[in-house]
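This report looks at a predicted model. Please keep the sequence and the coordinates open while reading.

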Amino acid sequence: MRIDIITLFPEMCEAFLGDSIIGRARKKGVIEVSCHQLRDFALDKHHRVDDTTYGGGMGMLMMAEPIALCFEDICRSTGSRPHFIYMSPKGKTLTQQRLKELSELENVTILCGHYEGVDQRVLDEYVDEEISIGDYVLTGGELPALVLADSLSRLVPGVLSDDLCFSDESHFSGLLEYPQYTKPAVWRGREVPEVLLSGHHANIEKWRREKSIEETWRRRPEMIDESALSKKELEFLRQLRGE
């Protein structure tokens, strides 16, 4: 997979994406990430990419042409038209299901907004979808873009050591993850659940599944899809509910 990020702060993005798991995957060639300085596509010698809004109002707006030129340059570089995403608080909230769908794509381009946003015309002309990471507003789109790039990259085969590293986590299966423990077996009087020390894999898997259901019901009950639960799991859920 190739991910291109259009940004005013490529160094900020590179500082994060060049390190840790994502950085190692890039060095191995498992994924390709390129950060593009939008000012390189500005139309004047001052590398200006924003201007005042028609109709008045506070703040500046990012101009359409530099964004279009940058995206067209990425299209030429990839030899195709990448799926173009704009990180926006007006977009649909990012979910694990959408990440799974996006991970099937070969090329994704992410636009980081700034100031009062982006000229609507370039969004209408080029952007395929707008994505939000939550119902709040940040000073720029770099942090949301990094969230998307990180969560998307780790689904690419070869980035993590094993598919279980992500398939067994919260949200991937539609449930929150079960509690986990490490050594020592007793910490400040708190003991690791006995079943995890038993070595009985079937019992451990049953415990983990039930704990996932319990965690989801207590924290995010709206996530539970009862049709995906077995009869025994539905009975366990009813017991949790006191039914």
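## Nonpolar cores

The largest nonpolar core holds 28 residues. Ile3, Ile5, Leu17, Ile110 and Leu148 touch the most other members. Elements giving two or more residues to this core include the strands β1 (2–7), β2 (32–37), β5 (83–93) and β6. The helices α1 (10–17), α2 (20–28), α4 (96–102) and α6 (142–153) do too. The top contributor is α6, with five residues.

Leaving out residues up to four places away in sequence, Ile110 touches Ile3, Asp4, Ile5, Ile6, Phe84, Ile85, Met87, Ala145, Leu148 and Ala149. Another core lies apart from the largest one. That core has 22 residues, among them Ile6, Leu8, Ala42 and Cys70.

Most residues other than glycine have a negative phi, and most peptide bonds are trans. Which peptide bond is cis, with omega near 5°? The bond from Lys183 to Pro184 is. Pro184 sits in the loop between α7 (164–167) and β8 (186–187).

Tyr115 is not a glycine, yet its phi is positive, about 60°. Its loop runs between β6 (107–112) and α5 (120–126). Is Tyr115 exposed, partly exposed or buried? Tyr115 is partly exposed, because its relative accessible area is 38%.

Arg188 also has a positive phi, about 50°, without being a glycine. Arg188 lies in the loop between β8 and β9 (190–191). Its relative accessible area is 73%, so Arg188 counts as exposed; the cut-off is over 50%.

How values were computed: Residues are numbered from 1 along each chain as its sequence is written. This is a predicted model: local features need pLDDT of at least 70, side-chain atom pairs count only at pLDDT 80 or more; totals for chains, interfaces and linings use all residues. Side-chain values use heavy atoms; hydrogens and water are left out. Helices (H or I, at least four residues) and strands (E, at least two) are DSSP runs, numbered from the N terminus. Buried means under 20% relative accessible area, exposed over 50%, partly exposed in between (1.4 Å probe, protein chains only). A nonpolar core is a set of buried Ala, Val, Leu, Ile, Met, Phe, Trp, Tyr and Cys residues joined through side-chain atoms within 4.5 Å. Contact means heavy atoms within 4.5 Å.
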